[in-house]
Amino acid sequence: MEYSFREKNYKVSRFKTFLTNQLKTQSLETVFNLLSEFIEQNDFEFSDLLSILDRYIDYSKKIGLGNANLFAFVDSKIKKLSDPNNTEILLSVSSLHYKIESKYALNFIEDNIDKISNNTKEKVLVLLFKADTLLENKEFDNAFSVLRDCSNQCYDLYIFDSLELKRTIYEKMAIICELENKS
């Protein structure tokens, strides 16, 4: 879909290219203002919104916008457009929140994980993302617990999905055991 900006129409990918080209001749703050203006002027499809917010987060971090303000802006845009009961967006929104700060992703997952049906690949993938985030934060016991939950969620999946996911889960468990010198 195309969106308007200063009497021109852009697809999100083309607008992102436009921003990159503007960085060659203008300051980051000026380009950031162009991006902010583009976001405020348009009503995006959800996938386009995620893509443009990803760029917004990158630029915000570079100019030093505080994480709390950044999260408030991004979260307000997502809530405005998304259905709160749509479980298909949980992983993509969590990833976006993670780019801001891991605690926002963990909180979002915690608040929404129960909306996803048990024994689904989607739930396992979200739990794996949560475990990876906990591992990165060196919360090994919590990560191991989440991985155990992941393993329990794999039993009713298609056999090849189940095997692939269980291999990943057990590899991560082994990493935790090595880091903690446990068997």
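Modeller: Happy to. Let's begin with a helix pair: helix α7 (residues 121–136) packs against helix α8 (residues 140–152), with the axes 8 Å apart and an angle of about 165°. Keep in mind that this is a predicted model.

Biologist: How are α7 and α8 oriented to each other, roughly parallel or roughly antiparallel?

Modeller: Angles over 145 degrees count as roughly antiparallel. With an angle of about 165°, α7 and α8 are therefore roughly antiparallel. The crossing of α7 past α8 is left-handed.

Biologist: Which residues make the contact between α7 and α8?

Modeller: On the α7 side you'll find V124, L127, L128, K130, A131, L134 and L135. On the α8 side they are F140, N142, A143, V146, L147, D149 and C150. Sorted by class, this contact has eleven nonpolar, one polar and two charged residues.

Biologist: And how does α7 sit against α9?

Modeller: Helix α9 covers residues 159–179, and its axis comes within 12 Å of the α7 axis, crossing at roughly 15°. Angles under 35 degrees count as roughly parallel, so α7 and α9 are roughly parallel to each other. Here too, α7 passes α9 in a left-handed crossing. From α7, the contact uses K121, V124, L125, L128, D132 and L135. From α9, it uses D161, L165, T168, I169, K172 and I176. By class, that contact of α7 with α9 comes to seven nonpolar, one polar and four charged residues.

Biologist: Let's move to the aromatic rings. What describes a pair of them?

Modeller: A ring pair is described by how far apart the centres are and by the angle between the planes. In this model the count is 16 aromatic pairs. Take F5 and F15: their ring centres are 5.1 Å apart and their planes stand at 75°, so this pair is edge-to-face. F5 sits in strand β1 (residues 2–5) and F15 in helix α1 (residues 12–23), so the pair ties together parts that are ten residues apart in sequence.

Biologist: Are F5 and F15 buried or exposed?

Modeller: Buried means under 20% relative accessible area. F5 has 2%, so F5 is buried, and F15 counts as buried at 0%. F5 also forms an edge-to-face pair with F38, at 5.9 Å centre to centre and 80° between the planes. That pair links distant parts of the chain, since F5 is in strand β1 while F38 is in helix α2 (residues 28–41), 33 residues apart. F38 is buried, as is F5.

Biologist: Which residues do the ring pairs link into a cluster?

Modeller: The cluster holds Y3, F5, Y10, F15, F18, F38 and F44.

Biologist: Now the overall view. How many helices and strands does the protein chain have?

Modeller: There are nine helices and two strands, and along the sequence the pattern runs β-β-α-α-α-α-α-α-α-α-α. The C-alpha atoms fill a box of roughly 60 × 30 × 25 Å along the principal axes. Of the 183 residues in the protein chain, 45% are buried. Among contacts with a separation of 6 or more, 60% are between residues 24 or more positions apart.

Definitions and conventions:
Residues numbered from 1 in each chain as written. Predicted model: local features only at pLDDT ≥ 70, side-chain atom pairs only at ≥ 80, totals over all residues. Heavy atoms only, no water. Phe/Tyr/Trp six-rings, centres within 6.5 Å; stacked < 30°, edge-to-face > 60°. Helix = DSSP H or I, 4+ residues; strand = E, 2+ residues; numbered from the N terminus. Buried < 20%, exposed > 50% of the residue type's maximum accessible area, 1.4 Å probe, protein only. Axes fitted to C-alpha atoms, helices over the stretch in contact; angles between N-to-C directions. Parallel < 35°, antiparallel > 145°, perpendicular 65-115°, else oblique. Left-handed = near helix turned anticlockwise from the far one by under 90°. Contact = heavy atoms within 4.5 Å. Nonpolar A, V, L, I, M, F, W, Y, C, P; charged D, E, K, R; others polar.
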